[in-house]
Amino acid sequence: MSFISKLALAALVAQGPALPASAQDGSFTISVGFGPTAEVPDPRAGYNGWMSNQTGVTETLMGIDYELNLYPRLAAGIAQSSPTTWRVTLRDGLTFHDGTSVTAQAVVDAIVPISDEAHAGYNARIANLLDLAAISTDGDQIVVFTTNSPNAAFPWTLSEPGIAVLGAASNDYPINATGPYVFQEAIPEQLYRVAANTDYRLGAPGFEEVSVVAIPDPGASALAFEAGEVDMVINYPETDFARIQETGALGFAAPTARLYFYTVNAANGPTANPLVRRAISAAIDRQGIVDAALSGVGGVPAGTVYPAGMGWAAEIDPVYDPALAEQLLAEAGATKEGGTWMLDGAALEIDIVTYSSRAALPPTAELTQAFLQAIGVTANVRVGEYGASNDAIANGSADMFLQAWVTTPQGDPGAVLEALLKSTGGSNAGGYNNPELDQLLADGRTTFDQEERKAIYDQVQDIIAADAAMIPVFHVSQTNVARPGLTGYAVHPTETYWITHETALTE
């Protein structure tokens, strides 16, 4: 039965639980909200490397453990020989899926295309993180990276899933990597399928095959799980998380570095005024959103970018103060007429966009709408696809874009903020531009003393809060469910690791 027909069948089943009794023929199926972008998604392009890393196909030189510590992965070690030079020594005996050896030259050949605009693996975001002046070899085991400027985050950058170590592609191995699973096929926006690499250096994988199916609607994903059509759901709806565990399903919930936040249109419209942005932020009852949208499963109101307890968070408490919000609107030149705030001769109106593949996003946007309307600000909510929402902010047809990002995907604090808020950031769809913030982000890259770096990123967070450059809402625990017997799995704080060679099902 095809995947599409399976989902059609799942949509018709009764509401009672029907958890699968066993994985068919050693297979394991995972449901997520997003699918692959191409039939052969180059791990270096876009965010393709996340799925190839999550499914155990690709590996990186460095890795991030479950305590957000950096460790050598395919590398045996990394050493800095000058402020701009890093020497990475490879582990002995590494091989690609096709059996060829992993050499320093192979690593160079895999990474160079990331900065080549003419190559399918080109990735401006990652090229900016790497900031390479040169990359070369010193024998077969050592890769020498030279950066354009001193970069304290460089070792952490090498854990970015898109910086995958790849060998020469072929018809049999279109993604020729090193992990415990081998890429088999992808159907854009639908399916990503991998098979066991029985020669994996750390031991045979626990599944013969793993399939990732894209089900954008969280409710449909939950239904498919209960119908036995999928074995695991990543980002299971929080509102149903307690109930589904009563059916015998395994629940996995743990804090992550994922932040739900608003990108604001800082280039035009009402949110180009920082006083209006601050007023909107003060009008949002974050605890109320956490209680309503997350059903108590795990969320913490966010006053700043990083979650408390994960090292980089400044001490900035979330503010809910409707009176302050109205005071700030008045300072922005708005006037209240008949219970409605007016600005420049028209009702102040805020257009909010978001997407539906994470269950908590639409209700968070709708609750924000209600909080704004409670103080007399008209708000509209449009729920669509991620790309359409991002475009709406970029082209000025929306004022606020609610999204959810892991703020320390490489364990380092700078990369995501550079992407989102640096004036030249690749994901700065709102057009925020602050030279002081740009300079601090640059200083954060070039300062190697960790205490000094912490002070710099504290300043960065202070500016973000004072200017409402973005509006944090809450940090969330990831809620995943799986059929009984899953072992060797835990929620990773960066969300970029799912399946290892040790992940398996036991009866």
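Colleague: How many salt bridges does the count come to?

Modeller: The count comes to 14 salt bridges. Keep in mind that this is a predicted model.

Colleague: OK, what about Arg44, who does its side chain meet in a salt bridge?

Modeller: Asp42, with N to O at 2.9 Å.

Colleague: And is Arg44 buried or exposed?

Modeller: Buried, because its relative accessible area is 9% and the cut-off for buried is under 20%. Asp42 is buried as well, at 16% relative accessibility.

Colleague: Switching over to Arg243, which residue does it form a salt bridge with?

Modeller: With Glu226, and the closest N and O atoms are 2.5 Å apart. That pair links distant parts of the chain, as Arg243 sits in helix α7 (residues 241-245) and Glu226 in helix α6 (residues 218-226), 17 residues apart.

Colleague: How do those two come out, buried or partly exposed?

Modeller: One of each. Arg243 is partly exposed at 32% relative accessibility, whereas Glu226 is buried with a relative accessible area of 9%.

Colleague: Now Glu418, what's its salt-bridge partner?

Modeller: Arg445, at 3.0 Å from N to O. Here too distant parts of the chain are linked: Glu418 is in helix α13 (residues 414-421) and Arg445 in helix α14 (residues 435-446), 27 residues apart.

Colleague: Is Glu418 buried or exposed?

Modeller: Glu418 counts as buried, at 4% relative accessibility. Arg445 is buried too, with a relative accessible area of 12%.

Colleague: Last one: which residues do salt bridges with shared partners join into one network?

Modeller: Glu185, Arg193 and Glu209.

Terms used:
Residues numbered from 1 in each chain as written. Predicted model: local features only at pLDDT ≥ 70, side-chain atom pairs only at ≥ 80, totals over all residues. Heavy atoms only, no water. Salt bridge = Lys/Arg side-chain N within 4 Å of Asp/Glu carboxyl O. Buried < 20%, exposed > 50% of the residue type's maximum accessible area, 1.4 Å probe, protein only. Helix = DSSP H or I, 4+ residues; strand = E, 2+ residues; numbered from the N terminus.
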